[in-house]
Amino acid sequence: MALFLSTQVNKIDKKGRISVPAGFRSALAGQSFQGVVLFRSLRFGAIEGCGMDRMEKLSQGLDNFVQFSSEQSDLSASIFADAQPLPFDPEGRIMLPELLIEHAKINDAAAFVGCGATFQIWNPDLFSKHQLEARNRVQKQELGIRIHSATKQEDKP
């Protein structure tokens, strides 16, 4: 499984190409599709990104809905119809589609933000604001992550 970590800001060249961070490319190295899949975020003014393996898992998740239901159709139209598989060029760059650039309000640079199994691409200034607000919510709510182990040894006295 791909694991995307850290935040890196990269410049967009005059042709609309941007270098995908080396760590992100390494996380995707074992996949059959050598590139990324991007689509407009449903929650933020950002771009959602992942590998083809994650898109396959999302597709399988649609099977949890009734075939041809409104929910399945809406999710499919919002994610899969919008998804852009973008191959890496020899230098590890991708060409960001104009629709995605406009959605994320990206100008001359973009922040690649690791989100674990997925990543996001943001306007760097908008991400800084979002990250600060998110950290404040985490601290206020005292949120944490429960780690589940396969053996549950740490739960035993």
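User: Why is Ser6 called exposed?

Analyst: This is a predicted model, and in it Ser6 has a relative accessible area of 52%. The word exposed is used over 50%, so Ser6 is counted as exposed.

User: Where does Ser6 lie, and what is its phi?

Analyst: Ser6 lies in the segment before β1. Its phi is about 75 degrees, a positive value, although Ser6 is not a glycine.

User: How do you know whether Lys105 is buried or exposed?

Analyst: The relative accessibility of Lys105 is 55%. Exposed means over 50%, and Lys105 therefore counts as exposed.

User: What makes Met95 partly exposed?

Analyst: Met95, in strand β6, has a relative accessible area of 43%. Buried requires a value under 20% and exposed a value over 50%, with partly exposed in between. The value for Met95 falls in between, so Met95 is partly exposed.

User: What does Met95 touch, leaving out residues up to four places away in sequence?

Analyst: Met95 touches Lys15, Gly16, Arg17 and Leu86. The C-alpha atoms of Met95 and Ser19 are 9.0 Å apart in space, and these two residues are 76 residues apart in sequence.

User: Why is Asn10 called buried?

Analyst: Asn10 belongs to strand β1, residues 7-11. Its relative accessible area is 11%. Buried means under 20%, so Asn10 is counted as buried.

User: How do you know that Asn10 and Gln8 make a polar contact?

Analyst: The contact joins the side chain of Asn10 to the side chain of Gln8 at 3.0 Å. A polar contact needs a pair of N or O atoms within 3.5 Å, and the contact between Asn10 and Gln8 is therefore called polar.

User: Which residues does Asn10 touch beyond four places in sequence?

Analyst: Asn10 touches Ile18, Ser19, Val20 and Pro21, and also Asp108, Ala109, Ala110 and Phe112.

User: What makes Gly92 buried?

Analyst: Gly92 has a relative accessible area of 5%. The limit for buried is under 20%, so Gly92 is buried. Gly92 is found in the loop between β5 and β6.

User: Which residues is Gly92 in contact with, leaving aside neighbours within four places in sequence?

Analyst: Gly92 is in contact with Ile18, Ser19, Val20 and Arg25. For Val20, 72 residues apart from Gly92 along the chain, the separation of the C-alpha atoms is 6.1 Å.

User: Why does Ser69 count as buried?

Analyst: Ser69 has 12% relative accessibility. Buried means under 20%, so Ser69 counts as buried. Ser69 lies in the loop between α2 and α3. A polar atom of its side chain is 2.8 Å from the backbone oxygen of Val66.

User: How do you know whether Ile101 is buried or exposed?

Analyst: Ile101, in helix α4, has a relative accessible area of 12%. That value is under 20%, so Ile101 is buried. Not counting residues up to four places away in sequence, Ile101 touches Leu96 and Ile106.

User: Why are α2 and α3 called roughly antiparallel?

Analyst: Their axes come within 10 Å and cross at roughly 165 degrees. Angles over 145 degrees count as roughly antiparallel, and α2 and α3 are therefore described that way. Their crossing is left-handed. The contact is made by Met55, Leu58, Ser59 and Leu62 of α2 and by Gln72, Leu75, Ser76, Ile79 and Phe80 of α3.

User: How many residues of that contact are nonpolar, polar and charged?

Analyst: Six are nonpolar, three are polar and none is charged.

User: How many helices and strands are there in the protein, and what share of its residues count as buried?

Analyst: There are five helices and eight strands. Of the 157 residues, 34% count as buried.

How values were computed
Residues numbered from 1 in each chain as written. Predicted model: local features only at pLDDT ≥ 70, side-chain atom pairs only at ≥ 80, totals over all residues. Heavy atoms only, no water. Axes fitted to C-alpha atoms, helices over the stretch in contact; angles between N-to-C directions. Helix = DSSP H or I, 4+ residues; strand = E, 2+ residues; numbered from the N terminus. Parallel < 35°, antiparallel > 145°, perpendicular 65-115°, else oblique. Left-handed = near helix turned anticlockwise from the far one by under 90°. Contact = heavy atoms within 4.5 Å. Nonpolar A, V, L, I, M, F, W, Y, C, P; charged D, E, K, R; others polar. Buried < 20%, exposed > 50% of the residue type's maximum accessible area, 1.4 Å probe, protein only. Polar contact = N/O pair within 3.5 Å; in protein donor to acceptor, adjacent residues only side chain to side chain.
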